[in-house]
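Student: I have a new structure to look at. Please show me how to read it.

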Amino acid sequence: MKFPAFSWRDNSRWLLICALVLVVFFILWNLYLLVQQTESDERQRMELWALAQQQFTQNIDLNEDVDPLIFNVLTSENNIPMIVVDADDRIVSFNNIDPQRAVARDSAFLKKTLARIKRENPPIEIVYENTVNQRMYYGNSSLLNKLRLYPLALLLVVLSMGTMLFVYLKATQSALQNKLWTGMAKETAHQIGTPLSSLLGWVSLLQSKGVDEAKHMEKDLKRLETITHRFSKIGSLPTLTKTDVVAATEEVFEYLKLRTPKGIDMVFSSEVKKKEIRLNKELYCWVIENLIKNSIDALKDKGTIQLQISDKAKQIEILVQDNGVGIPKKMHKKIFMPGVTTKKRGWGLGLSLSRRIIEEYHNGKIGLQKTVKNQGTCFKIELPA
């Protein structure tokens, strides 16, 4: 069995991602160990304080001098909140708690604080004469609380940077694709233009010699010339002029109707006879042509295609509907993406270009209104009136 050769160029992205994941994991693991060590250190400090408190009480009861070391431990500054309670859970003393709010030992603030720090750490027992006389509850220091927040902050930073990187790469890829499609379209228009001009000249020559069939050839060549103009406009901002949208739609509809298989019925209807809006006629007709051709492919030489224009005061609505095979559910959200197609033969560019023409060039909307398996599909275009 032969395995494919390893390519640094193809796998560098994944190697970089794995390296970043390892670095983040290493940082998080060290933060976890630091939090555990800090918790252990604070526990030891509180146990030492409790032992000093126990020894201090014994010295007082026996009228002995207090060891300076014990006094130093009890009076040393730390930022760990603590509350000492007796056997009946009454507050005896407290330390490192807001003095302005913890005025009395039975204050509501102290009781609320005690309930909170009871959940943070297990108590330390203060034993005197072999009896548990008091218990000391302590909370987490501000340093420990900050350390516990650092992993979350780090994850948020990593996620934010990852999101920005993803958006940047997506935008870069999209821009690269747009340049590629634009370059292909303009090159196609350029390559077709030269032989097209020659063919138009030959048709004129045939017409001058009285060849009647040359008229039909001229129509198809004019059609090819229109297609060339469409491709040449991709990538540049088209000019919008006042155009009768009803007449433009009906024109391309009738052209395709004459070239559609006989088993397909094509029905055109419009609420208004004339409606002028700002359009680039060539590009708009390209969209209508793409939608109708998709419907023809979905019908498989038998069925009905309906095109309806409605005047909605602020917008013009165009519906292109068929009763063909429909679009699979898994493709509903990505049907307008470049390269996505339901056909065995196709580039998957028609709907992608249609969306760009309608939404970017005409400030309109185009979308899949509904589709049902083996019952048909309906696309809707909305153009500002």
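Tutor: Start with a turn. In the hairpin of S8 and S9, three residues lie between the strands, and Ala-313 takes a positive phi near 70°. The names follow a rule: strands are DSSP runs of E with at least two residues, helices are runs of H or I with at least four, and numbering starts at the N terminus. This is a predicted model: local features need pLDDT of at least 70, side-chain atom pairs count only at pLDDT 80 or more, and totals for chains, interfaces and linings use all residues. Residues are numbered from 1 along each chain as its sequence is written, and side-chain values use heavy atoms, without hydrogens and water.

Student: How many helices and strands does the protein have?

Tutor: Eight helices and 11 strands.

Student: How do strands come together?

Tutor: Strands of a sheet pair through backbone hydrogen bonds, either parallel or antiparallel. Here, two strands pair if DSSP finds at least two bridges between them. S8 and S9 run antiparallel, joined by seven bridges. Leu-307 has Val-320 in S9 as its bridge partner. S6 and S8 (residues 303-311) run parallel, also joined by seven bridges. There, Met-266 stands opposite Ile-305 in S8.

Student: In what order do the five strands form the open sheet?

Tutor: The order is S6-S8-S9-S11-S10, and the pairing is mixed. Look at the edges next. S6 (264-270) and S10 (365-372) each have a single partner strand, so one side of each has no neighbour in the sheet. From one strand to the next, the twist averages 10°.

Student: What about S10 and S11?

Tutor: S10 and S11 pair in the antiparallel sense, over seven bridges. Lys-370 has Cys-378 in S11 as its bridge partner. Helix H8 lies across S10 and S11, at about 135° to S10. For such angles, axes are lines fitted to C-alpha atoms, for helices over the stretch in contact, and angles run from 0 to 180 degrees between N-to-C directions.

Student: How do I read a pair of aromatic rings?

Tutor: A pair of aromatic rings is described by the distance of the centres and the angle of the planes. Rings of Phe, Tyr and Trp (its six-membered ring) pair if their centres lie within 6.5 Å; planes under 30 degrees apart are stacked, over 60 edge-to-face, and the rest tilted. This rule gives three aromatic pairs. One of them is Phe-336 with Phe-379, which is edge-to-face: 6.1 Å centre to centre, 90° between the planes. The pair links distant parts of the chain, 43 residues apart. Phe-336 is in the loop between S9 (315-322) and H8 (350-361), and Phe-379 is in S11 (residues 376-384).

Student: Are Phe-336 and Phe-379 buried or exposed?

Tutor: Both are buried. Buried means under 20% relative accessible area, exposed over 50%, and partly exposed in between (1.4 Å probe, protein chains only). Buried residues make up 32% of the 385 residues in the protein.

Student: Why is S1 called largely enclosed by the rest of the structure?

Tutor: Because five of its five residues are buried. Both faces are covered: Met-82, Val-84 and Asp-86 on one side, Ile-83 and Val-85 on the other. S1 also pairs with S2 (residues 91-95) in the antiparallel sense, over four bridges. S1 and S2 form a hairpin with four residues between them, and Asp-89 in the turn has a positive phi of about 65°.

Student: Which backbone nitrogen atoms lie by the side chain of Asp-86?

Tutor: Those of Asp-88 and Arg-90. The nitrogen of Asp-88 lies 3.0 Å from a polar atom of the Asp-86 side chain. For the nitrogen of Arg-90, the distance to a polar atom of that side chain is 2.7 Å. Asp-86 itself is in S1 (residues 82-86). Its relative accessibility is 15%, so Asp-86 counts as buried.

How values were computed. Polar contact = N/O pair within 3.5 Å; in protein donor to acceptor, adjacent residues only side chain to side chain. Contact = heavy atoms within 4.5 Å.
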